[in-house]
Amino acid sequence: MRPTRRGFAVLAVAVAALLVSARFGQPGLTAVAGPLFVGVFAAAVQVRWGGAPTVERGRLRRGFPGETKPVEFRVDGSGIATVTDQLSEGLNGETTVRKSLPATVSYRVTYMGRGEQRVGPVDVTVTDAMELVTERYTVKSQTDVLVYPPVYRLGGTDAFARTFTPESEDRQSFDRLREYVSGDSLRDVHWKSSAKREDLLVKEFADSRSDRALLVAAEAREGHADEMAAAAATITMAALESGLAVELAVPNDAVEQGYGDTHRTRLLELLARADAGQTGRVDDADVVVTATGDGVTVSVDGRHRSFADVTASRDNPIAGEVNG
């Protein structure tokens with residue numbers, strides 16, 4: 001606990017009054033100094049009596065670089081406080097507010113970098129109503145948030161992009177005939193068989209997606225893990241949208257083959273935490289992503305292309321369109 005600038009000024013006036021009173025025999029100045037000392041003492045008691053503030057906060061939603069999310073937490077205590085929420089390097093926001101406690105603090109934070117980011121702890125500087133005395137507390141209230149790598153759109157006219165779009169006729173194979181039910185496409189009606197019956201018959205297909213799997217191996221030299229993660233995220237998300245089962249290997253972990261939104265989230269989580277290094281899976285992979293100081297290279301079936309060449313645009317990530 002220490003006096004504020006105003007508090008120091010009040011104390012200086014009080015001490016000066018006492019000195020002048022003692023030197024020149026002006027007892028009236030003592031009457032001036034006394035209340036000033038009492039005021040500073042009362043302010044100190046008020047701040048100390050209020051005790052250390054407490055902070056209660058919820059969790060932050062995950063997201064992608066460039067997205068902005070609301071942050072809200074409650075600070076319980078007494079007095080007037082300047083509250084500053086600390087942010088890790090990959091987050092950005094105006095986190096300092098001045099409130100009369102208790103209060104709810106809210107601001108917006110922008111995700112700047114991939115990986116495990118942290119919000120908190122909270123610095124709370126409490127002062128009395130007259131702002132004579134202040135005390136600073138650091139409240140160890142924090143929450144972690146995972147920021148995914150950016151996802152870009154593959155170039156639609158590029159031969160590499162078409163690799164991830166399976167031919168519609170190959171997606172399913174004929175399984176059996178069954179009776180038509182409302183909602184079935186008329187394109188699936190087997191007219192020749194239906195002509196022999198009073199009811200329509202439609203063709204039912206067996207899902208052959210398990211035969212259409214893609215193994216992506218992503219590697220990077222030290223200092224280039226972010227570029228690797230962005231390229232691998234772009235490719236794996238495009239592959240999932242094309243109906244492929246995706247398996248992903250990065251230097252520090254791997255995710256087995258799978259489909260759907262849950263699998264999409266697993267892939268993004270892995271890439272958010274991916275480190276630089278080698279996978280040992282390059283020889284088995286269908287797609288190899290390599291990030292070095294010279295850029296990011298994507299290799300498919302012996303073809304090597306720059307990642308920048310196979311994306312439609314690097315200026316506008318499609319993170320908001322990806323269900324993470």
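Which residue in β15 is the bridge partner of A249? It is A254.

First, the ground rules. This is a predicted model, where local features need pLDDT of at least 70, side-chain atom pairs count only at pLDDT 80 or more, and totals for chains, interfaces and linings use all residues. Residues are numbered from 1 along each chain as its sequence is written, and side-chain values use heavy atoms, with hydrogens and water left out.

Now the overview. The chain has six helices and 18 strands. Those are DSSP runs, numbered from the N terminus: helices are H or I with at least four residues, strands are E with at least two. Of the 324 residues, 42% count as buried. Buried means under 20% relative accessible area, exposed means over 50%, and partly exposed is in between, with a 1.4 Å probe and protein chains only. On contacts, meaning heavy atoms within 4.5 Å, take those with a separation of 6 or more: 65% of them join residues 24 or more positions apart.

Strand β14, residues 245–250, runs antiparallel to β15, and four bridges join the two. Two strands pair if DSSP finds at least two bridges between them.

α5 is residues 225–241, α6 is residues 260–272, and they meet at about 170 degrees with axes 10 Å apart. That makes α5 roughly antiparallel to α6. The cut-offs: under 35 degrees is roughly parallel, over 145 roughly antiparallel, 65 to 115 roughly perpendicular, and the rest oblique. Who makes the contact? From α5 come A229, A232, A233, T236, M237, L240 and E241; from α6 come H263, R264, L267, L268 and L271. The contact residues divide into eight nonpolar, two polar and two charged. Here Ala, Val, Leu, Ile, Met, Phe, Trp, Tyr, Cys and Pro are nonpolar, Asp, Glu, Lys and Arg are charged, and the others, Gly among them, are polar.

How many does the structure hold? Ten. The criterion is a side-chain nitrogen of Lys or Arg within 4 Å of a carboxyl oxygen of Asp or Glu. R264 pairs with D261, closest N and O atoms 2.5 Å apart. Both lie in α6, three residues apart, about one turn of the helix. R264 is buried, at 8% relative accessible area. D261 is partly exposed, at 42%. Shared partners join E241, D261 and R264 into one network.

A second pair is R273 with E116, at 2.9 Å, N to O. R273 lies in the loop between α6 and β16 (287–292), and E116 in strand β8 (residues 115–127), so the pair ties together parts 157 residues apart in sequence. R273 is partly exposed, at 38%. E116 is partly exposed too, at 46%.

Last stop, the other sheet. It is open and antiparallel, with four strands in the order β2-β3-β7-β5. Its edge strands are β2 (54–57) and β5 (91–92), each pairing on one side only. β2 and β3 pair over four bridges, and T54 has D76 in β3 as its bridge partner.

Also in β3, residues 68–76, sits P70. Buried or exposed? P70 is exposed, at 53% relative accessibility. Beyond residues up to four places away in sequence, P70 touches L60, Y107 and R108. P70 and R108 are 38 residues apart in sequence, yet 4.5 Å apart in space, C-alpha to C-alpha.

Key
Axes are lines fitted to C-alpha atoms, for helices over the stretch in contact, and angles run from 0 to 180 degrees between N-to-C directions.
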